[in-house]
Amino acid sequence: MTPLLCFQFVVVCVLIPLVVDFCFVACMMQMSVVTDSPVHSSNSDDFIAFLDAELGASSPESSPDKEAENEDELESVRIKRRKIESTEDMEGSTSEGIIKQNLETSIKVDVCTHPGSFGSMCIRCGQQLDGKSGVTFGYIHKGLRLHDEEISRLRNTDMKSLLCRKKLYLVLDLDHTLLNSTLLAHLSSEESHLLNQTDSLRDVSKGSLFKLEHMHMMTKLRPFVRSFLKEATEMFEMYIYTMGDRPYALEMAKLLDPQGEYFNAKVISRDDGTQKHQKGLDVVLGQESAVLILDDTEHAWLKHKDNLILMERYHFFASSCRQFGFNCKSLAELRNDEDETDGALAKILKVLKQVHCTFFDKHEDDLVNRDVRQVLSSVRSEVLSGCVIVFSRIFHGVLPSLRKMAEQMGATCLAEVDPSVTHVVATDTGTEKSRWAVKENKFLVHPRWIEAANYFWEKQPEENFIIKKKQ
């Protein structure tokens, strides 16, 4: 046998099995990561499951041996691919060209689009990637990054499944929304009685006040929060999104959801965001048109204000009051708390039910093209519908936001009084417009009347916001 024929025989015997082996591995990875990814899932939890099962990725819970095993597996695929691609450098006889062409055809049968990466390797084909494009979803799985096309595909698929089950997405803030936390060192002398009133951590589902010794802190769950979550999960796929760090976020999630019924791994912390001091829906695997946000801070969601339901802040501890500049006693110091059945969460649950009902009940034939932001705006515009408001001696820095707030709730705002005016909003009973309101038997209310309506999504009794005459 001539040297050339000998070389050709070796190439055919060695490289062809490598091609078959590589194609089989690539096919299996494609099936597990693309075909069996959440394209058929009911929600993004399945995405976590398939990643755990198929990639065995390095997460805080995975063992070092499993991590090494999976890294070796992916590295093996990458090495085989490199060996095959190296044959493209072969030059020589016609026989060598035929072999090269056959190899190229085998490799290009299914060109990988690199839907995402695990570490720096493609989750589908194992190729080394630059790791710069796409969005990191570290809260789902450590080192996971998905590219824009794959994110869009997952969102579209999950959206269809969710709509079939008559569900939307709900992103929930933690601090001052669902709970309030303080460092033990920051407890005031009037709050020291709480140290002897904490609930057991052995069964957190039965308690609401917890001392976390290992974190040197105390946390109080907001009244009605457990009933809120239980009812909300029937209507929404829920996420936690906090500006706290990841260890804190996970500890709070355990207190709120000890059985993993509501959030599972959908807990996003500041470590998972893509913008500093901002929260964004780019790390949420849900269509923006189907997402509602519940948060006490509007400035955290500058790009998603239309999705936001602003919550009245929960100040149980004195440190929370001081943080926001309130010179008053905390609920803990007063030995008081929000009302369980008529508090902030109970009020907002009614709003969520109304939005959910409006979204689904009357538009079942066109759900995919529905936008929950439009529904939210419509519900908000009914709160002060029919009210005609004139402002009197309101600080100029506050007036624009107060006027906008009133108009979003359906009120008409005028510059001067006329017979159509129903409310004069002021802080002083001595202004000309205030005296006109009294004379004409119109409502004269404090600006907090508008703010309360905005928080509770409900027109408030005017008699609770009467302006006191200055002495």
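Visitor: What makes Ser289 count as buried?
Guide: In this predicted model, Ser289 has a relative accessibility of 17%. Buried means under 20%, so Ser289 counts as buried.

Visitor: Where is Ser289 found, and which residues is it in contact with, leaving aside its neighbours within four places in sequence?
Guide: Ser289 is found in the loop between β10 (267–268) and β11 (291–295). Leaving aside neighbours within four places in sequence, Ser289 is in contact with Met159, Phe359, Arg370, Asp371, Val372 and Arg373.

Visitor: His277 is found in the loop between β10 and β11. Why is His277 called exposed?
Guide: The relative accessible area of His277 is 63%. Exposed means over 50%, so His277 belongs in that class.

Visitor: What is said about the phi of His277?
Guide: Phi of His277 is near 65°, which is a positive value in a residue other than glycine. Most residues other than glycine have a negative phi.

Visitor: Why is Asn264 called partly exposed?
Guide: Its relative accessible area is 47%.

Visitor: Let's turn to Met238. How do you know that Met238 is buried?
Guide: Met238 has a relative accessibility of 1%. With buried set at under 20%, Met238 therefore counts as buried. Met238 is found in strand β9 (residues 236–241).

Visitor: Which residues is Met238 in contact with, leaving aside its neighbours within four places in sequence?
Guide: Among them are Leu170, Leu172, Tyr262 and Phe263. As for Leu168, it lies 70 residues from Met238 along the chain, yet their C-alpha atoms are separated by 8.7 Å.

Visitor: What makes α6 roughly parallel to α9?
Guide: Helix α6 (residues 225–232) and α9 pack at an angle of about 10°, with their axes 10 Å apart. Angles under 35 degrees count as roughly parallel, so that name applies to α6 and α9.

Visitor: Which residues of α6 and α9 meet?
Guide: From α6 come Val225, Phe228, Glu231 and Ala232, and they meet Leu345, Leu349, Leu352 and Lys353 in α9.

Visitor: Which residues touch the most other members of the largest nonpolar core?
Guide: Those are Phe228, Leu256 and Ile450, in a core of 99 residues. Helix α9 (residues 344–361) gives the largest share of this core, 10 residues. In soluble globular proteins, nonpolar side chains tend to be buried together.

Visitor: Which residues is Ile450 in contact with, leaving aside its neighbours within four places in sequence?
Guide: Ile450 is in contact with Ile389, Phe391, Leu402, Met405, Ala406, Met409 and Val425.

Visitor: There is also an open sheet of four strands. Why do β14 and β16 stand at the edges?
Guide: The order is β14-β13-β15-β16, with parallel pairing. β14 (412–414) and β16 (443–445) each have a single partner strand, so one side of each is left without a neighbour in the sheet. From one strand to the next, the twist averages 30°.

Visitor: How many bridges join β13 and β14?
Guide: Strand β13 (residues 388–392) pairs with β14 over three bridges, in the parallel sense.

Visitor: How do you know that the buried residues of α12 are on the same side?
Guide: In α12, Lys433, Ser434, Trp436 and Ala437 are buried. They cover an arc of only 160° around the axis, which puts them on the same side of α12. These buried residues pack against β13, β15 and β16.

Visitor: Which residues are exposed on the other side of α12?
Guide: There, Glu432, Val438 and Lys439 are exposed. After α12 comes Asn441, with a positive phi near 60°.

Notes: Residues numbered from 1 in each chain as written. Predicted model: local features only at pLDDT ≥ 70, side-chain atom pairs only at ≥ 80, totals over all residues. Heavy atoms only, no water. Core = buried A, V, L, I, M, F, W, Y, C linked by side-chain atoms within 4.5 Å. Buried < 20%, exposed > 50% of the residue type's maximum accessible area, 1.4 Å probe, protein only. Helix = DSSP H or I, 4+ residues; strand = E, 2+ residues; numbered from the N terminus. Contact = heavy atoms within 4.5 Å. Pairing = 2+ DSSP bridges. Axes fitted to C-alpha atoms, helices over the stretch in contact; angles between N-to-C directions. Arc of directions from axis to C-beta. Parallel < 35°, antiparallel > 145°, perpendicular 65-115°, else oblique.
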